[in-house]
Amino acid sequence: MTHDANTPAVRQLRLIVETEDFEAAVAFYRDALGLPQQAAFEGEGDAKVVILNAGAATLELANPAQVRMIDDVEADGRPSARLRIAFEVDDAEQTTRTLVDAGAELIAEPRETPWRSVNSRLAAPSDLQVTVFQELESPEERERRPGFTS
């Protein structure tokens, strides 16, 4: 297989999460957060999986200094988990309230960040730490500010 530099070699990022309380996790991520169900399968021995569409996927790699800075801004210095899932939403404050009502533990209230987004942090089902964020400016606007590059 040859790789064209203009065509990504990876077609999809899929994060697989093992969860003890499958039904509660599905209710939280599909029903409360609103991730559309793409597929579901059941197998022998009560095996179950549901694949939820989370829109575009990106992989964010951050060094320890950046993670500490994000923790300071987003969660008053409370350390994040090694793996944290971030969901971009249209209304971070409303989504945060919805997820807390659905059983998430609020770690940090929604707040505007220096990179012009509104972020909150939650402890969610399946032992996942979740950031909910709402962008307040376009990628083009952000790119013009010091410290940001594409």
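Predicted model: local features only at pLDDT ≥ 70, side-chain atom pairs only at ≥ 80, totals over all residues.
The β strands come first. Strand β5 covers residues 117-124, and it has a paired strand on either count of bridges given here: five bridges join it to β4 (residues 105-112), and eight bridges join it to β6 (residues 128-135). Both pairings run antiparallel, β4 with β5 and β5 with β6. Individual partners can be picked out. Alanine 108 stands opposite arginine 121 of β5, while asparagine 119 has phenylalanine 133 in β6 as its bridge partner. As for cover, seven of the eight residues in β5 are buried, so the strand is largely enclosed by the rest of the structure.

The turns at the two ends of β5 are worth a look as well. The hairpin of β4 and β5 leaves four residues between the strands, and arginine 116 there takes a positive phi near 60°. In the hairpin of β5 and β6 there are three residues between the strands, and here it is serine 126 that takes a positive phi, near 70°.

Next up is helix α2, which spans residues 64-75. Its twelve residues reach 15 Å from the first C-alpha to the last, close to the 16 Å expected at 1.5 Å a residue. Within α2, the residues Ile70, Asp71, Glu74 and Ala75 are buried. These four sit on the same side of the helix, because they cover an arc of only 105° around the axis. Turn to the other side of α2 and there are Arg68 and Asp72, both exposed.

Leucine 61 has a relative accessible area of 74%, so it counts as exposed, the cut-off being over 50%. Together with Leu13 and Leu59, Leu61 makes a nonpolar surface patch of about 380 Å².

Terms used
Residues numbered from 1 in each chain as written. Heavy atoms only, no water. Patch = residues over 30% accessible without salt bridge, like charges linked within 9 Å, V, L, I, M, F, W, Y side chains within 5 Å. Areas by Shrake-Rupley, 256 points an atom, 1.4 Å probe, with all protein chains shown as cover. Salt bridge = Lys/Arg side-chain N within 4 Å of Asp/Glu carboxyl O. Buried < 20%, exposed > 50% of the residue type's maximum accessible area, 1.4 Å probe, protein only. Pairing = 2+ DSSP bridges. Expected span 1.5 Å × (residues − 1). Arc of directions from axis to C-beta.
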